[in-house]
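Here is a short briefing to read alongside the model. Take a look at the structure first, and then let's walk through a few of its features together.

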Protein chains: 2
Amino acid sequence: MSFQSADTDAVSINTIRVLAADTVAKSNSGHPGAPMGMAPAAHILFSRFVTANPKSSHWINRDRFVLSNGHACVLQYILLHLLGYKVSIDDLKAFRQIGSLTPGHPEAGHTDGIEVTTGPLGQGFANGVGLAIAQAHLGAVYNKDGFDLITNYTYVFTGDGCLMEGVASEAASIAGHLQLGNLIVVYDDNHISIDGDTKIAFTENVEQRFLSYGWQVLHVDDGDTDLEAIYNAIAEGRKEKNKPTIIRLRTTIGYGSKQQGTHGVHGSPLKPDDIQALKTKFGFDAAATFAVPDAVTKAYADAAKRGAVAEFEWNSLFEKYAEKYPKEHAELARRISGELPTGWEKSLPVYTPADPAQASRKLSEIVLQAITPVLPDLLGGSADLTGSNLTRVKNIVDFQPPSTGLGTYAGIYVRYGVREHAMGAIMNGIAAYGGIIPFAGTFLNFVSYAAGAVRLSALSQHQVIWVATHDSIGLGEDGPTHQPIETAIHFRALPNLHFWRPADGNETSAAYYVALKSKKTPSIISLSRQNLPNLEGATIDKAARGGYVLHEVEKEDLTIVSTGSEVSIAVEAAGILEKEGIKTRVVSLPCWGVFDAQDEQYRLSVLRSGAPILSLEAYSTAGWQKYSHEQFGLTGWGASGPYKKLYEKFGITGPNIADIGKKVVEFYKKRGGAVVSPLIKAF
Amino acid sequence: MSFQSADTDAVSINTIRVLAADTVAKSNSGHPGAPMGMAPAAHILFSRFVTANPKSSHWINRDRFVLSNGHACVLQYILLHLLGYKVSIDDLKAFRQIGSLTPGHPEAGHTDGIEVTTGPLGQGFANGVGLAIAQAHLGAVYNKDGFDLITNYTYVFTGDGCLMEGVASEAASIAGHLQLGNLIVVYDDNHISIDGDTKIAFTENVEQRFLSYGWQVLHVDDGDTDLEAIYNAIAEGRKEKNKPTIIRLRTTIGYGSKQQGTHGVHGSPLKPDDIQALKTKFGFDAAATFAVPDAVTKAYADAAKRGAVAEFEWNSLFEKYAEKYPKEHAELARRISGELPTGWEKSLPVYTPADPAQASRKLSEIVLQAITPVLPDLLGGSADLTGSNLTRVKNIVDFQPPSTGLGTYAGIYVRYGVREHAMGAIMNGIAAYGGIIPFAGTFLNFVSYAAGAVRLSALSQHQVIWVATHDSIGLGEDGPTHQPIETAIHFRALPNLHFWRPADGNETSAAYYVALKSKKTPSIISLSRQNLPNLEGATIDKAARGGYVLHEVEKEDLTIVSTGSEVSIAVEAAGILEKEGIKTRVVSLPCWGVFDAQDEQYRLSVLRSGAPILSLEAYSTAGWQKYSHEQFGLTGWGASGPYKKLYEKFGITGPNIADIGKKVVEFYKKRGGAVVSPLIKAF
């Protein structure tokens, strides 16, 4: 570390602190304490280590920075501003205002330079593990002798809150197992959380915990002023290639404020006199706001230049790579661009009704088996349910540290362990890195464990695919603890998430087709344990519209709309009804979100006026009223037993649905008047 | 440990193993491996230590046993049978069949002797922490010199899967902090999970991790045959009064099977020849099934008798307690019975429209402040958001180990730390113990982190209350990472869960009133950050029906139905519309689940036919179609900004809703025909 610049360091750090106080004061809302306490580490990290080009914020080999304690985002916005990202002083002044680039927590895809969305505690930590996995994987696949193309580090700042969250514990354990030497976490050990001193609830030995996970554990006793120690710790973290590093950094929250070291500075603006005193103490003009001394501007311009030069050199290296490894070059360039290889979709399996009935989890496996050879972008996995989820295709290698003898970093299957929440958040990090499409399996019911990560996939527009098997009472004997009831509507109600529930082979192919084409939308593909017949009328093209008429009749008396394993039961019911002269259409609606995005004319042709529409699904009926006049589903919990008996118990059989259908037809006949599509609305 | 009975021990253990193999074979579904591996520990624990009366399974001071790896439930069902609970050999034969007492995973309230519902991994571990907290708390409140009334231990069996889950990590950390000496966990370290050897994903040092949490850590190297070591470890766990204990027990999964030690015995029945060989090896008749030797029957009868004697003595002690401490006796007896004290509800605050507008989180605090003195049953807490959730009433003591100087075990407020999922699962354990009604706060958005625990509260009928503040875009500047969209419908779709969203002071009192009266139903009370006016027409009685007419007019043109912070906006819109001659009713629907349980006539009087019904809520509109013809809500994510500006941005203002209302009225006029209540259905 060069100490010629000691004065610049001090003024830079104090500039960050003063800007943090000014920004939170201007918005009269936000968290000044952690930014002020973490300013020294942030300054050392960005001025000395982080290699990224602010003018080209998507360069693939940039170092990634994650602020897991996202409530401290003022710190990140200030750094982005100083480094020359598209965050201006005016943007800082608009902190936490509608439409600004500086929302209350960092949002990926919203603000230039923000890698992942943080704020919900623990997520960023696990995202960091995902970013590090992505680097290790792409590096292992594409780096060649003399071509160290993918070499970046992932730096994570975290606070006490994140480390208390289970999602971070899960991620830390798997990161240690995976020996991710490219991951460096700086833990802001400021002894303060919202309820006060951490001694009231968080007295574990964090260093020992991370040692138990197999991390390199370092500490800096004076994170407020000992810049050399901060520098050395980060440098040591970079040196350790076979372990992730955590640096416990003892800091004073709100350093410089009259209230430093108390939770009074955690989540409220500093008082005006406190800010004035702070500025005076640090040698700033007490009357000026949002001031950035020239020396600081220059120091950060130098850091930015280091990134720009690095990208320039990298581009040159990548051109040489093109000459020597044209195939790998083309593939990596394509993957970075986010484009899928031409014609990949021709590999998707196509079925006819003559093909044997199979569980849709098995159909999913067939898809994965078929597309894996043409889509190197895929990085699969499961939360310790591989044999049930059928997520691991044959003859592939696991993603493992080579020293384990169990795989390599070029492997394409991650053994996540029983860690659903971390798996979701890690997938977000992998997707955020670029060049990889992560997918992973668990039972649908346990995607709920990862709800916090799933909603951030959707908000952050990460292309993440959940292979959610055992998706209803059809899982049978495991019983109600494992049978989803509320799960479908929970995820259907999330904006920008595609919840697919395919009914057969072609619909399963369609679900994967759309999920893989949707670069900015996560998908949950909900799959059966039990066998499902291939349906007459189902095609990939039709199902790819999210909903379609599976069985058409003119002047119908009834339409039954259904999804997944219940569609064939709807078809059976329609057959029974038709024998009794009740003309019955069947609509399959495997993905509400995709169907809703179709044009109105199409939607109204599928769920048309003229006859009542009855929905059928082995879940809570909540939400189905949007697409149907009448709803049949589960009114309570499932039960433990063989699945066929369960379907009988709950009335989800062809004969019973036919009976229900008759009641519906009679009811609407008796009521009289036009039966209008539920899609026709006043506004 | 007495070794006169060594032969009995061996035959007992082998009986458990053989019964496990028989039971899983009979159902052709289930997990024999862990029961066979854990049989020695289970036998030693139940034959030597557990004090509980099988003929009186609700005795308050019984030792609690939790099988966190619930997929191994055959083990638990066998023990319950041997001990004389209401589980017969025929029940074992009906394992995993519909309607049996032996479902695929243990269900509290379903099977005699099952304390908590397990299977979803990690939950049972955290439930165990809750059970231990409950014991510590009730003991501290009611035990007196010479009257050790509440002294039981909580024993938890756990596998690798549970320990990988974040919810268990969170619970372990807080259990260490709380120094729960009454908690003993036996960790089945069998090196096998579903994906194979744990070395593929779970290589952390578990002992070191638990040391970091402040636990006593013991191990038994040969859990298959070293009964003395097992005995001694449990005994040592009981001796340590100031730390929870974990015993790492090295076992062989499926011990005795030809496939022992492999994941082949984890989740599938043993083959017939394997079972025969097993029986022969253990000296059983290879042709007989479900055999229990007399010596085993007697050994377990002795264990059961120990429990019966203990309860008898306890009852006698409790009678003497009545003489010396009549007030405490009456209170504890009442709490054990689950009855609330007579007249407690008179303490609930009542409001008039003249009372000032307040945030409903503040109204919740006022309720808690008012009822805490009359309801000693309450044990509150927050996931490190006390100042935001307003869950801690004045002048109370925290639940803390006395040695911290921060509180006592008699304290009534738990500092859960930022551990939402564990908080939910711990509350389930506390509720399962009896005598305590747990409540705890976090932001509504982060109740989703605990989704896995919330659904088990509902399935297990645990009375748990979530104080879920900051419940919409009304939280303002924190932005979309913190603003629920999908959350309300997620929880509304859960059977047996009351999701309350009160609109004002009286509705907040009503939510608590019903939540506290609902002994078998968990509640989430969703509360605003922003101020809400007290509404004309709102009363506790009306709101306690879950939905009611807030503002009535005859021959209406429109009804607006709404909840929480949007009800006053609906009232404002109705006022605007009425000035324009459009007669508008307003319905408040604070709890769908409670409303749905009202009689049909009442429900149809609230949401009646004759005019269109428009719903208004600042969430996804998903599900509202059940109660309304038209829906207004959020079509995407929220945003970061001051809340009033957010409501304007998203059109949730009196004038805009009045405009929407006009469109609805015109649309239905134009369409013609009768407007039928959406509640009127065909079946």
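Let's start inside chain B of this predicted model: helix α3 (residues 73-83) of chain B gives the largest share of the lining of the second largest cavity, 4 residues.

- By class, the lining of the second largest cavity has 8 nonpolar, 3 polar and 3 charged residues.

**The largest cavity**
- Searching the whole structure turns up 13 cavities of 30 Å³ or more, and the largest cavity has a volume of about 180 Å³.
- There are 18 residues in the lining of the largest cavity, with A:Phe46, A:Val50, A:Ala52, A:Leu83 and A:Tyr85 nearest its centre.
- Two or more lining residues come from each of β1, α3 (73-83) and α11 (294-324) of chain A.
- With 4 residues, α3(A) contributes the most to this lining.
- The lining of the largest cavity splits into 10 nonpolar, 3 polar and 5 charged residues.

**Strand β2 of chain A**
- How many of the residues of strand β2 (residues 154-158) of chain A are buried? The count is 5 of the 5, so the strand is largely enclosed by the rest of the structure.
- On one side of β2(A) sit A:Thr154, A:Val156 and A:Thr158, on the other A:Tyr155 and A:Phe157, and all of these are buried, so that both faces are covered.
- β2(A) pairs with strand β1 (residues 64-67) of chain A in the parallel sense, over 4 bridges; here A:Thr154 is the bridge partner of A:Arg64.
- β2(A) also runs parallel to strand β3 (residues 183-189) of chain A, joined to it by 5 bridges, and A:Tyr187 in β3(A) stands opposite A:Thr158.

**A buried aspartate in chain B**
- B:Asp22 lies in helix α1 (residues 6-27) of chain B.
- Its relative accessibility is 5%, so B:Asp22 counts as buried.
- Leaving aside residues up to four places away in sequence, B:Asp22 touches B:Ile275, B:Lys279, B:Ala288, B:Thr289 and B:Phe290.

**An annotated stretch of chain A**
- An unreviewed UniProt entry annotates residues 358-534 of chain A as "domain: Transketolase-like pyrimidine-binding".
- Across residues 358-534, chain A is 36% helix and 20% strand, and the end C-alpha atoms are 8 Å apart.

Conventions
Residues numbered from 1 in each chain as written. Chains lettered and ligands numbered in written order. Predicted model: local features only at pLDDT ≥ 70, side-chain atom pairs only at ≥ 80, totals over all residues. Heavy atoms only, no water. Buried < 20%, exposed > 50% of the residue type's maximum accessible area, 1.4 Å probe, protein only. Contact = heavy atoms within 4.5 Å. Pairing = 2+ DSSP bridges. UniProt positions renumbered as here; feature names shortened; annotations may be inferred. 1 Å grid on protein atoms, 1.4 Å probe; cavity = no way out; pocket = protein on both sides within 12 Å on 5 of 7 lines; lining within 4 Å. Points joined across faces, edges and corners; volume = space filled by probe spheres on them. Nonpolar A, V, L, I, M, F, W, Y, C, P; charged D, E, K, R; others polar.
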